[in-house]
Amino acid sequence: MKRYYKLILIVHILVLMLIGCSKVDGTEITESSNFETTKILTEKEYTPEDTKSKTIQDSTSSTTADEIESEFFQTLEVHFFDVGQGDSILIKNGDYNMLIDGGSEAHGSYKYLQDYNITHLNYVIATHPHEDHIGGLVEIINNIKIDTIIMPNVTHTSVFFDKFLTSVAFSEAQVLQPYAGNSYDIGDAGFTIIAPVSDSYQNLNDYSIVIRLYHGENSFLFTGDIEAISESEIINSKQEISADVLKVAHHGSNTSTTEQFIKVVSPDYAVISCANNNSFGYPHFEVLQRLRANNIDIYRTDMQNSIVISSDGKRLSFNQDPDNMLTADTLYITENGTQTLVQPTNSLPTEPTTTPCEIAPYIGNSNTGKFHHYYCSSVDEMNPNNKVPIFNRNSAINQGYVPCKICNP
Ligand SMILES: [Zn+2]
Ligand SMILES: [Zn+2]
């Protein structure tokens with residue numbers, strides 16, 4: 001049976017590749033044609049009820065609170081690898097390993113997995129089809145034994161995604177679709193799928209699989225590249241999302257990590273994965289400011305290389321101290337038509353300051369070399385990968401961008 005579904009997947013990939021060849025721009029988001037495959041395979045999944053009762057049994061098999069207190073947990077390690085501009089996170093718990101994303105093809109995490117002698121991954125989560133998340137997974141899937149790959153029900157027209165699908169099809173792994181509420185064991189830890197909550201989105205980033213990992217009293221929330229839309233859906237879904245550690249969404253972009261989301265997750269620590277001096281200006285200053293204003297310690301792969309957090313089920317320990325300097329590019333904010341220069345600062349506002357603009361006032365297109373007002377209709381149609389937030393007009397001109405003829409920025 002399994003071979004039959006793999007065959008369907010391979011046929012779908014061939015069809016996808018043919019369709020892909022006829023597209024000029026890699027912007028299209030469509031319902032995945034491998035939907036049938038993944039849907040059927042999901043029947044093997046645990047139901048939330050199964051897992052819940054299992055977890056409850058595990059933790060209440062001892063009779064007294066004292067005994068639960070003294071319950072022994074294996075050391076769980078969460079490695080946020082420095083993969084330049086991208087995400088790749090390894091979760092190691094005894095003999096159990098799982099990986100969330102693999103970085104880009106050029107800066108994938110396979111070399112790190114080799115350093116740690118990882119020859120088997122119980123789970124691989126491919127959060128969403130962008131290259132900085134799935135590009136590096138190809139080498140990993142081709143070389144490491146994987147039991148289960150969880151990936152969202154969406155496809156993307158790009159050479160990298162085609163390569164990724166091909167590696168998935170030829171691997172022995174079973175492929176599952178994410179359903180919010182489903183939980184899985186990983187040694188004495190477990191994780192629950194929190195998002196995607198809906199079936200379809202305009203922005204590929206919102207398809208990102210969000211998971212909450214729990215280990216004894218400790219918890220982590222991994223958010224892929226979700227935008228504010230998925231964040232508010234998650235809040236409205238009333239799922240348990242409180243976490244000690246938040247993997248900040250979308251490399252610290254100001255299009256996510258809203259004040260409301262921070263309040264509900266209520267983390268003590270935040271990890272941002274992005275490249276030093278990346279062209280997007282990640283992490284955005286406002287995000288750093290919001291995190292610090294909520295008294296959250298910040299860890300950054302662009303400033304500190306790989307971040308490793310260990311959990312003994314009760315306490316968390318880190319391989320280094322946080323970097324709470326609000327180091328970001330200078331930023332112009334527009335308020336009542338007046339532009340003000342904001343200097344990054346280490347001092348925290350005692351009161352929340354007037355909200356800076358929610359998004360960059362200009363968006364450059366790295367593909368066409370044009371720049372637009374953020375509200376220009378062409379911005380909506382732009383491939384998210386080509387969008388470059390620009391905070392003032394002069395820097396757009398200095399970077400060689402040409403003003404759009406429609407919106408005249
Ligand atoms: Zn990304
Ligand atoms: Zn993305």
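**Exercise 1. Around Gly-313**

Find which residues Gly-313 touches, leaving out those up to four places away in sequence, and then decide whether Gly-313 is buried, exposed or partly exposed.

*Solution.* Please keep in mind throughout that this is a predicted model.

Step 1: list the partners. Beyond residues up to four places away in sequence, Gly-313 touches Phe-73, His-215, Gly-216, Glu-217 and Asn-218.

Step 2: Gly-313 sits in the loop that links β16 (307-311) and β17 (316-318).

Step 3: count its surroundings. There are 17 other C-beta atoms within 10 Å of Gly-313. A buried residue needs 20 or more, and an exposed one has 12 or fewer. Gly-313 is therefore partly exposed.

Step 4: look along the chain. Asp-188 is 125 residues from Gly-313 in sequence, yet their C-alpha atoms are 9.3 Å apart in space.

**Exercise 2. The chain as a whole**

Work out what share of the contacts with a separation of 6 or more comes from residues 24 or more positions apart.

*Solution.* Begin with the inventory: the chain contains 14 helices and 23 strands. Of its 409 residues, 44% are buried. Now take the contacts with a separation of 6 or more: residues 24 or more positions apart account for 68% of them.

**Exercise 3. The nonpolar cores**

Identify the residues with the most contacts inside the largest nonpolar core, and the helix that gives the most to this core.

*Solution.* Step 1: the largest nonpolar core comprises 78 residues, and Val-124, Ile-149, Ile-211, Ala-270 and Val-271 have the most contacts inside it.

Step 1: the top contributor to this core is helix α8 (residues 159-170), with six residues.

Step 2: zoom in on one of those residues. With neighbours within four places in sequence set aside, Val-124 is in contact with Leu-99, Leu-137, Ile-146 and Ile-149.

Step 3: check for another core. A second, separate one has seven residues, among them Tyr-362, Ile-390, Ala-396 and Tyr-401.

Notes. Residues are numbered from 1 along each chain as its sequence is written. Chains are lettered from A and ligands numbered from 1 in the order in which they are written. This is a predicted model: local features need pLDDT of at least 70, side-chain atom pairs count only at pLDDT 80 or more; totals for chains, interfaces and linings use all residues. A nonpolar core is a set of buried Ala, Val, Leu, Ile, Met, Phe, Trp, Tyr and Cys residues joined through C-beta atoms within 7 Å. Helices (H or I, at least four residues) and strands (E, at least two) are DSSP runs, numbered from the N terminus. Two residues are in contact if their C-beta atoms, placed from the backbone, lie within 7 Å.
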